[in-house]
Amino acid sequence: KEQRRRDLAKGKTGPEYRAEARKRDPELDGWFVKIAAMSGVSAEQADLMTGERVTATLFLDTVDRVGRPDVVAKWIINELPRALGDKELEEVGFGAERFADLIRALDTGAIQPPAAKAVLAEMIATGKQFASVASAAPITVIGIAELAGKADALLATHADKAAQVK
């Protein structure tokens, strides 16, 4: 953490900092190679997740639990920083077990991404498990079949407008 602050204070870019971190830590470099080789994960995503140990281990440990490296990478890169806000990952104690619960729920369709974003932020803010946050959240989750039925009913109700669009 201190080294990152020093490097960024010297005007190094994020990619430069991460490359130097991997040079200083051969295990991080090995994780970069391993992650970049995973299905659905780009080299750029692997770079973003291997600038520090805490992020790399969260990714690898979560993938070990649930698979889906593509989904885990997207959530670590895009949503986790938003949910953390000004906090550091190591400060909040958010581990792979809790993150895996969220990813499983997304993967099964038990929760949709907009609701999952709010649940992730609450999990980080409170330290609670996914199940307790998701059950307390005012979230309505519907399945694909129910959504398709609602769309069909809407189109049938407004057949003239649907015909115009077609």
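In which hand, left or right, does helix 6 pass helix 8? In this predicted model, the crossing of helix 6 with helix 8 is right-handed. Let's start with that pair and then turn to the charged side chains.

**The helix pair**

Helix 6 covers residues 69–84 and helix 8 covers residues 96–108. The two axes sit 11 Å apart, at an angle of about 120 degrees. Angles of 65 to 115 degrees would count as roughly perpendicular and those over 145 as roughly antiparallel, so this pair ends up as oblique.

Who does the touching? On the helix 6 side, the contact is made by Val71, Val72, Trp75 and Ile76. Helix 8 answers with Phe99, Leu102, Ile103 and Leu106. Sort the residues of this contact by type and you get eight nonpolar, no polar and no charged.

**The salt bridges**

Side chains of opposite charge can pair when their charged atoms come close. Across the whole structure, a search turns up nine salt bridges. Here are some of them:

| Pair | N to O distance |
|---|---|
| Arg53 and Glu27 | 2.6 Å |
| Glu79 and Arg82 | 2.9 Å |
| Lys117 and Glu79 | 3.7 Å |

Take Arg53 and Glu27 to begin with. Arg53 belongs to helix 5 (residues 53–66) and Glu27 to helix 3 (residues 26–36), so to speak of this pair is to speak of distant parts of the chain, 26 residues apart. Both ends are partly exposed: Arg53 has a relative accessible area of 39%, and Glu27 comes in at 41%.

Glu79 and Arg82 are both in helix 6, and because they are three residues apart, about one helical turn separates them.

With a relative accessibility of 39%, Lys117 counts as partly exposed.

Which residues are linked in a network of salt bridges? Arg18, Arg22 and Asp47 are linked in this way.

Definitions and conventions:
Residues are numbered from 1 along each chain as its sequence is written. This is a predicted model: local features need pLDDT of at least 70, side-chain atom pairs count only at pLDDT 80 or more; totals for chains, interfaces and linings use all residues. Side-chain values use heavy atoms; hydrogens and water are left out. Axes are lines fitted to C-alpha atoms, for helices over the stretch in contact, and angles run from 0 to 180 degrees between N-to-C directions. Helices (H or I, at least four residues) and strands (E, at least two) are DSSP runs, numbered from the N terminus. Angles under 35 degrees count as roughly parallel, over 145 as roughly antiparallel, 65 to 115 as roughly perpendicular and the rest as oblique. A crossing is left-handed if the near helix is turned anticlockwise from the far one by less than a right angle, and right-handed if clockwise. Contact means heavy atoms within 4.5 Å. Ala, Val, Leu, Ile, Met, Phe, Trp, Tyr, Cys and Pro count as nonpolar, Asp, Glu, Lys and Arg as charged, and the others, Gly among them, as polar. A salt bridge is a side-chain nitrogen of Lys or Arg within 4 Å of a carboxyl oxygen of Asp or Glu. Buried means under 20% relative accessible area, exposed over 50%, partly exposed in between (1.4 Å probe, protein chains only).
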